[in-house]
Amino acid sequence: MNIQPLLDALDIQENAAQALAGDLRRQIEDLRSRLREAEIHLEHLAITRKTVTALADRLPARTSSPDVPEHPDYPRILAVFNETTGPLRARDVCEALDHELLPKNIEGTRAKLKRLVKLDVLTKVDAGSFARK
């Protein structure tokens with residue numbers, strides 16, 4: 001009885017199983033590496049959370065004007081002015097807020113800036129320019 005064809009078939013299956021095992025080992029190693037990176041990132045986030053929480057206790061209480069409207073753009077607009085030293089135009093504020101530079105967005109921002117001037121939070125420096133008081 002000639003068993004050579006059977007042995008050849010076994011060799012083919014063995015080679016395929018070895019190739020599959022090799023591929024799976026490489027995938028496992030890749031996953032281990034990605035898991036290590038994710039765990040390190042989680043550790044960094046935990047450290048950052050702890051640091052921010054500790055620093056938050058040391059920050060002075062935020063004094064926001066009770067007259068500032070509730071719209072979410074107003075605190076963001078004030079943050080833009082807190083980060084700059086000079087006057088800004090409505091277009092500059094739109095750009096800082098990542099609003100699309102369309103006329104309707106610029107005019108809406110200009111209206112908000114004028115409202116903040118009326119509320120005595122901002123001052124109008126010259127035509128179209130606003131600054132923090």
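## The nonpolar core

In this predicted model, the largest nonpolar core holds 17 residues. Seven of them touch the most other members: Ile77, Leu78, Phe81, Val93, Leu113, Leu116 and Leu122. Helix 2 gives the most, with five residues. As background, nonpolar side chains in soluble globular proteins tend to be buried together.

Which residues does Phe81 touch, leaving aside those up to four places away in sequence? The list is Leu88, Val93, Leu113, Leu122, Phe130, Ala131 and Arg132. Among these partners, Val93, Leu113 and Leu122 are also named with Phe81 among the core residues that touch the most other members.

## The fold along the chain

The protein chain has four helices and three strands. Read along the sequence, these elements follow the pattern α-α-β-α-α-β-β. The radius of gyration of the chain is 31 Å. The globule rule gives 14 Å for 133 residues, so the chain is more spread out than a compact globule.

The span of the C-alpha trace can be given along its principal axes. The values are about 105 × 40 × 25 Å.

## Surface and charge

How many of the 133 residues, as a percentage, count as buried? The figure is 19%. The accessible surface of the protein chain comes to about 10600 Å². Carbon and sulfur atoms hold 55% of that surface.

Charged side chains come in two sets. There are 21 positive and 21 negative side chains in the protein chain. The centres of the two sets lie 11 Å apart.

## A look at Arg91

Is Arg91 buried, partly exposed or exposed? Its relative accessible area is 45%. Buried means under 20% and exposed means over 50%, so Arg91 is partly exposed.

Arg91 touches Leu101 and Ile106, not counting residues up to four places away in sequence. Thr109 sits 18 residues from Arg91 along the chain. The C-alpha atoms of Arg91 and Thr109 are separated by 8.0 Å.

Note on methods
Residues are numbered from 1 along each chain as its sequence is written. This is a predicted model: local features need pLDDT of at least 70, side-chain atom pairs count only at pLDDT 80 or more; totals for chains, interfaces and linings use all residues. Side-chain values use heavy atoms; hydrogens and water are left out. A nonpolar core is a set of buried Ala, Val, Leu, Ile, Met, Phe, Trp, Tyr and Cys residues joined through side-chain atoms within 4.5 Å. Buried means under 20% relative accessible area, exposed over 50%, partly exposed in between (1.4 Å probe, protein chains only). Helices (H or I, at least four residues) and strands (E, at least two) are DSSP runs, numbered from the N terminus. Contact means heavy atoms within 4.5 Å. The radius of gyration is taken over C-alpha atoms; the globule rule is 2.2 Å times the number of residues to the power 0.38. Accessible areas come from the Shrake-Rupley method with a 1.4 Å probe; for residues, only the protein chains shown count as cover. Lys and Arg count as positive and Asp and Glu as negative; His and the chain ends are not counted. The place of a charge is taken as NZ of Lys, CZ of Arg, CG of Asp or CD of Glu.
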